[in-house]
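Thanks, everyone, for making the time.

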Amino acid sequence: STRPQVSSLTENERRAIALLSLGQNPYDFHGHDFIAPIIASFDGAQFGDASIVNDDIFALIPLSASGYSASDDMIRKDIAFIISRQGGDGAWIGVDVTAAAVQALTPFSSVDGVTSALDRANAYLASQQESDGGFGSVYSSAWAAQAMRALGASWQKNGRTISDYLASIQSSDGAALSASESLENRTWATSYAVPAALGTPWSSIMRSVAKPAPVVRSGSNEEVLPKPEPVLKQEELVATETIVPETLPVAP
């Protein structure tokens with residue numbers, strides 16, 4: 001098949017997250033490897049463009065489900081870079097990116113500095129909740145809801161929760177935006193709202209895969225060991241037919 005055209009590193013990262021969420025192997029999806037470009041972008045300290053942090057955050061999310069752990073030097077260095085870009089108020093740019101950073105860092109809580117960074121992010125996000133329980137839009141509210149679950153937190157404002165906000169904006173046909181909005185926007189907003197309402201961060205949605213087995217060389221011959229199949233989490237062993245909503249995250 002023809003290799004998909006990917007215009008940016010963050011787009012490639014989003015595709016990897018989508019594949020993992022659908023139980024597919026991003027190392028070998030119809031012959032295409034969506035993890036290799038992420039790894040290739042590492043410059044020894046961070047992924048992609050050193051002037052931004054979005055691509056580093058969105059790199060950690062799929063890598064955490066693709067066989068990489070806190071024992072990998074590359075991961076530890078990128079975590080240090082992400083933490084270094086956290087603002088004094090606990091934010092990374094705003095609610096959306098901060099919520100994404102929380103989900104990226106949570107699987108690596110054993111790394112020095114991560115717990116403290118998550119505590120600061122928790123305080124920032126809680127401070128941004130509005131009187132209706134939301135965070136200004138269905139998109140930001142959805143990201144915040146996922147981060148809240150990843151943190152094990154419970155935020156309320158004036159007795160209202162994020163779930164209250166999502167319920168208040170839902171239309172009679174089930175969409176998370178009013179009928180006056182475009183079909184495309186209504187579809188996107190609703191796809192964001194589903195995992196938020198379910199209380200499922202990306203770490204819970206994605207199915208884990210192992211790193212591909214290395215190529216074994218013997219003289220002039222090469223033997224490529226079989227690529228691993230996705231490893232189902234314990235809860236998925238009970239219901240393997242569950243269809244995961246295809247909510248592609250948009251890196252701001």
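A residue is called exposed when its relative accessible area is over 50%, buried when under 20%, and partly exposed in between, with a 1.4 Å probe and protein chains only. This is a predicted model, in which local features need pLDDT of at least 70 and side-chain atom pairs count only at pLDDT 80 or more, while totals for chains, interfaces and linings use all residues. Residues are numbered from 1 along each chain as its sequence is written, and side-chain values use heavy atoms, without hydrogens and water.

With that cut-off, N158 counts as exposed because its relative accessibility is 61%. N158 sits in the loop between α7 (138-151) and α8 (162-169), helices being DSSP runs of H or I with at least four residues, numbered from the N terminus, and its phi is near 55°, a positive value in a residue other than glycine.

H30 is not a glycine either, and has a positive phi of about 55°; it lies in the loop between α1 (9-21) and α2 (36-40), and at 61% relative accessibility H30 counts as exposed.

In α3 (residues 54-63), D56, I57, L60 and L63 meet I75, D78, I79, F81 and I82 of α4 (residues 73-84). In α5 (residues 95-105), V95, T98, A99, V102 and L105 meet V114, L118, A121, Y124, L125 and Q128 of α6 (residues 114-128).

Note on methods
Contact = heavy atoms within 4.5 Å. Helix = DSSP H or I, 4+ residues; strand = E, 2+ residues; numbered from the N terminus.
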